[in-house]
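Hi everyone, thanks for coming along. Let's look at one model together and talk through its salt bridges, its repeats and a couple of backbone details.

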Amino acid sequence: MFSRPPIYTFPRWFRTSSLSPDHEEEDECYAHLLQRCARTSDLRLGAAIHSQLIKRPLLPSSLFLQNHLLNMYFKCCRDPSLPLYLFDQMPLRNVVTWSAAIAGLAQCGRPLQALSLFYDMHCEGVSPSEFALVSALNAASLSDGCSQSRQIYSQVIRVGFESNVFLINAFLMSLIRNGRMEEAAEVFDKYDDKDVVSWNSMLAGYLQYSYSDVWRFWCRMSRAGLRPDEFSFSSVLTGLAKASCLRSGVQVHGQVVRHGHGEDVCVGNSLVEMYLTNKDLVSSSKAFAEMPWPDVVSWTQMAAGALVCGQPAEALRIVDQMKLAGVRPNKFTLATMFNACSSLTSLGEGRKAHGYRIKLGDEVDECVDNALVDMYAKCGSTSSALQVFRSMKQRSVISWTAMIMGLAQNGLGREATTAFDEMIAEKVRPNYITLICVLYACGQGRLVEKGRRYFDAMERDHGIVPGEDHYACMVDLLGKAGCIAEAEELIRSMPFKPGVLVWQTLLGACQLHGDVETGKRAADQALAMEEKDPSTYVLLSNMFADAKKWDVAGRIRELMEERRVRKMPGSSWTRA
């Protein structure tokens, strides 16, 4: 049932005969050693002390030592079976025994067993201590039971521990973990004896369930004159990042400096995140520079932020600085590097990043390899993308979708549909995006019959109801093949109102094949929905220009000027 504890050789200081013959003093010495083992999770030394105690007459007569031994095993063992066995074998138990077992089970991730033990304790007539009640409330918060938390807290009130701040905090966390923020706020407001943990618990709750209330609560905390700690600052800054409140975030930054928490890495990371979320790369760089010991999370966050702010080259430069600083990239860093290389379509940088992925070996997961596949595809190296894809140990629907889209974007529509068929054969269920990609691939490869077959099978075989993007792909496929009438009929048969994208797609096909009349109808529909969209005007003007109707094309350009519609500057997916 249990594995034998490892053999431990006692250090010389333990083997000396300096222990007092007085049992009480000897108990204290062993208790101190067991506490040390529990604190450092040193199971080997703890088991050795246990074996030493068995050889002496101390253990059977000392409930004090038995309790310390029980606590040590609960703290050192991932599996609570051994300490539970010891608990069951104890002839005598006091409130400390029960409390240690309840706390140990809660800490081992066995909240239901902890609650069961708490109720057994009650049935045996043992009055719970404050520590046992805290542990029981923690266990209730980890289970699905607010009702259990309320029952336990009613017992807290009955035994007169209502003003104990640790019990108040445990009850608050139980309510918050179960999503009962209004009830938690009522409990919080009821008591005057609150500490920083109480305030932090509420901050964490608002951050999870209502981050828009974080700033209001933070102002209340400041008015109460409470000194915030590192967790307080991290929570409020994360909330302000989510709410995109730059102005309030700058105020909190000043408070961070004033309270002397600027060197804390968690606070620094939250501060950097707040600035990056607000697209303030300059301020985030300054906050990052003030961190004395940025970790891999800090560096990766800065690189990802630069990428989000539209500076992929800066993202790669930050990663290079990180490596020079001796900080080892992790899988999130790699994903950021691959995404930056994708944005730059820089195959050389991408291959260098691939080298780091190889060095990390099994430390990376499927998400990183998906980003690697996407990077090679966007850099135009489909052979490398396929090589990485085929070497992956696990390939989810996201992996297959990335590969199908990569092939399609490089003009390999037929190969993309072959990959889709292989995916279905391997029993990988496609999702909404996968079907968009495979229909787009059919459009790239002019594979009309395959496209029709995939579209018709969407709901029947895969349970996916076609959306506007799927219809747009089909209109594009039919339009490129010259089936303009069928494409228009498909739009009019849609089970929901067609959007601008679908009509613009039809208009583009009309330009390609010179079908002016259908193109005019498509343009009328698109402009009726979005008069300021420049794409419709440009497509319509180009269609008339291709048909040699220069005067009409000119009038459309004039209409754009009158309506102050500006054409967006062009961009290319790949670089020369």
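Let me start with a term: buried means under 20% relative accessible area, exposed means over 50%, and partly exposed is in between, using a 1.4 Å probe and protein chains only. By that scale Glu486 is partly exposed, at 31% relative accessibility.

Two words on the source. This is a predicted model, where local features need pLDDT of at least 70, side-chain atom pairs count only at pLDDT 80 or more, and totals for chains, interfaces and linings use all residues. Residues are numbered from 1 along each chain as its sequence is written, and side-chain values use heavy atoms, with hydrogens and water left out.

Now, what does Glu486 pair with? Its salt-bridge partner is Arg452, with the closest N and O atoms 2.8 Å apart. I call it a salt bridge when a side-chain nitrogen of Lys or Arg is within 4 Å of a carboxyl oxygen of Asp or Glu. Arg452 sits in helix H28 and Glu486 in helix H30 (residues 484-492), so this pair ties together parts that are 34 residues apart in sequence. Helices here are DSSP runs (H or I, at least four residues), strands are E runs of at least two, and they are numbered from the N terminus. Shared partners also bring Glu449 into one network with Arg452 and Glu486.

By the same rule, the count comes to 23 salt bridges. One of them joins Lys331 and Asp365, at 3.0 Å from N to O. Lys331 belongs to helix H21 (residues 331-344), while Asp365 is in the loop between H22 (347-360) and H23 (366-378), so parts 34 residues apart in sequence are tied together.

Then there is Glu422 with Arg390, closest N and O atoms 2.8 Å apart. That one links helix H26 to helix H24 (residues 382-391), so it ties parts 32 residues apart in sequence.

In the model, residues 94-128 are 74% helix and 0% strand, with end C-alpha atoms 10 Å apart. Residues 396-430 give 74% helix, 0% strand and 10 Å as well.

Last, the backbone. Most residues other than glycine have a negative phi. Lys427, though, has a phi near 65 degrees, and it lies in the loop between H26 and H27. Arg446 has a positive phi of about 55 degrees, in the loop between H27 and H28.
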